[in-house]
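Please look over the sequence and the structure. Then read the short report on a few of its details.

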Amino acid sequence: MTEKSTAKTKDSKAKASRTEGKNTAVTLCGIRLDNPVIPASGTFGYGYEFAQYYDINCLGTFSFKGTTLEPRFGNPTPRIAECQSGLINSVGLQNPGAHAVVSEELPKLAKVFKKKVMANVSGFSKEDYVETVKILEATEQIGWLEINISCPNVHGGGMAFGTDPKAAAEITKAVRGVTKKPLIIKLTPNVTDITEIAKACEEAGADGISLINTMLGMRIDLKTKRPVIANTMGGYSGPGVFPVALRMVYQVARAVKIPVVGLGGVSSAENVIEMMLAGATAVQVGSANLVNPYACRDIVSDLPRAMRKCGIGTLEKIIGAAQL
Amino acid sequence: MTCPQIGKKANLGPVPKLEKGCVMKKLDAIITENKEVAKNYLKMVLEVSGGLGGEEVLPGQFVNIEIPGLYLRRPISVCNYEAGKLTLVYKPVGSGTEHMAGMKPGEKLDLLMPLGHGFDPAKAGERPVLIGGGAGSAPLYLLARTIKAANPKAQITVLLGFNEKAEVLLEAEFRALGADVTVYTVDGSYGTKGFAADGLDSLTQGAADAVGYTYFYACGPMPMFRAIEAKAKGDGEYSFEERMGCGFGACMGCSHKTKNGYKRICKDGPVLSRGEILWD
């Protein structure tokens, strides 16, 4: 067990519950979550549309759609290509811009979601990230900032910052300077050594690391003999990437002392437990939401059963238990 | 919907309904019929367990079908929906629809339905024209039925286009609704030789109002849409296709630019009105 996995809980109710499958609560960067399940950015919009389908307050929290300083339309279509065990997307950060998120999207969310939300932020320069975070900083609704330096679908930013430890540290440090909120940096798997990037972010003041963003991939249409995706390449996600994501979560959790949020192909309560055993404090679910809009609700309600099956009483205690 | 963790609804008041019509449901359905109804086209009839609780599918909406062995669901337009009985008319063109074509009565499918912003039957007026090309004819059936139910006096013109005689779909069904149907085939083997959009010229020529119809509704391939756009004198709407990720508005995989900002084909469409479409 690592130091962070024994994080003290002030929640006496949680402490009292020792029965197997009962205690799903975790603490992520000082904020208590009822459970570790978090819909991943880009698969859950700004949340309120999903509130029509189920009560989204059952979630740990969710990470909202990647938001940039200015509104963005994103990339041309087709933006989606199916793969075995997943899909490639090349949406390109379509979003209404930070001001509209604060003035329009978050008030709609407040009507249906009483918990703190994770704000996912992307940009094309250090200044972009800083300005966007300044706009979001005053919003009480936002619990964590998740800084996306790993989007494979935009040029002149996004993933470029996440593939170089120096650039990753620079963005982290700049954003650290303008926020008091817990700061999570979202990393790309499209690098040779992800632990170097993670350590650079930690040293620059990050409170947590989330990984993995999508893996760069492509498909070719056999009839037209052209790439399926209009932008040629896109980000591959879905159950097919789970073993890669799990391996990287394991590596990063060994390399840093700050909490790790694991994501990549998670589709079941068992996957959540596996990610936590590898070292994840909380777990995001992405592509699964797109094929089953109830996926996260179902995983949350299935967690106690999966915990009992694995002989787990308090989920938080298994964080990093597989670390040798 | 109660929350499994909290056990009761969070005290936030009623969840605002954001969509017109029935909110999407995830439902099991049993195939009761799946057979070829014309060359290259199949009709699948499904019994939707539990139905939509008395709510209806609006014309132009679609279902998103989980296909065994494939990761993404497949969106298919609703041809008809009545009391839990769902009819789809589709053309096998890829791995999803090809799998569907091989399915047998008694097999189950998992559906998300109803999805999307469909046609607006309220705009039909007294003499609407419905223009369908190939599989695009299918969603026009529920539209014609809905228009007729709301206004039995409406004189509906249906223009259907196919490659050849063997492919002709739904002609008798539209006639049974009392519609004035003209079928076009590219090779002239049935009906009038030409394209469905040609029918707009016949309606317009000599019409007292120089239009010949009150509103048009179109579903079919892009060349048909461009032909309509060149000919149409009146207002109308088009139903679009796009590769979708989720089909219910979450992933932004199918967004198109319009005069009114971006629109998700799956959620803000598939039907867009003529005035908002950017054709380039």
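## A glutamine in chain A

A:Q284 sits in strand β13 of chain A, which covers residues 280–285. The model is predicted. A:Q284 has a relative accessible area of 0%. The cut-off for buried is under 20%, so A:Q284 counts as buried.

Its side chain also has a partner. The side chains of A:Q284 and A:E146 are joined by a polar contact of 3.1 Å. Leaving out residues up to four places away in sequence, A:Q284 touches a list of residues that includes A:I38, A:S63, A:M118, A:K186 and A:V266. A:E146 is on that list too.

## Two helices in chain A

Now turn to a pair of helices. Helix α2 of chain A spans residues 98–110, and helix α3 of chain A spans residues 126–137. Their axes come within 9 Å and cross at roughly 15 degrees. Angles under 35 degrees count as roughly parallel, so α2(A) is roughly parallel to α3(A). The crossing is right-handed.

Which residues make the contact? From α2(A) come A:A98, A:H99 and A:V102. From α3(A) come A:T132, A:I135 and A:L136. By class, four of the contact residues are nonpolar, two are polar and none is charged.

## A proline in chain B

B:P128 belongs to strand β8 of chain B, residues 128–133. Is B:P128 buried or exposed? B:P128 is buried, because its relative accessible area is 0%.

B:P128 and B:Y217 are 89 residues apart along the chain, yet their C-alpha atoms are separated by 7.8 Å.

Conventions: Residues numbered from 1 in each chain as written. Chains lettered and ligands numbered in written order. Predicted model: local features only at pLDDT ≥ 70, side-chain atom pairs only at ≥ 80, totals over all residues. Heavy atoms only, no water. Helix = DSSP H or I, 4+ residues; strand = E, 2+ residues; numbered from the N terminus. Buried < 20%, exposed > 50% of the residue type's maximum accessible area, 1.4 Å probe, protein only. Polar contact = N/O pair within 3.5 Å; in protein donor to acceptor, adjacent residues only side chain to side chain. Contact = heavy atoms within 4.5 Å. Axes fitted to C-alpha atoms, helices over the stretch in contact; angles between N-to-C directions. Parallel < 35°, antiparallel > 145°, perpendicular 65-115°, else oblique. Left-handed = near helix turned anticlockwise from the far one by under 90°. Nonpolar A, V, L, I, M, F, W, Y, C, P; charged D, E, K, R; others polar.
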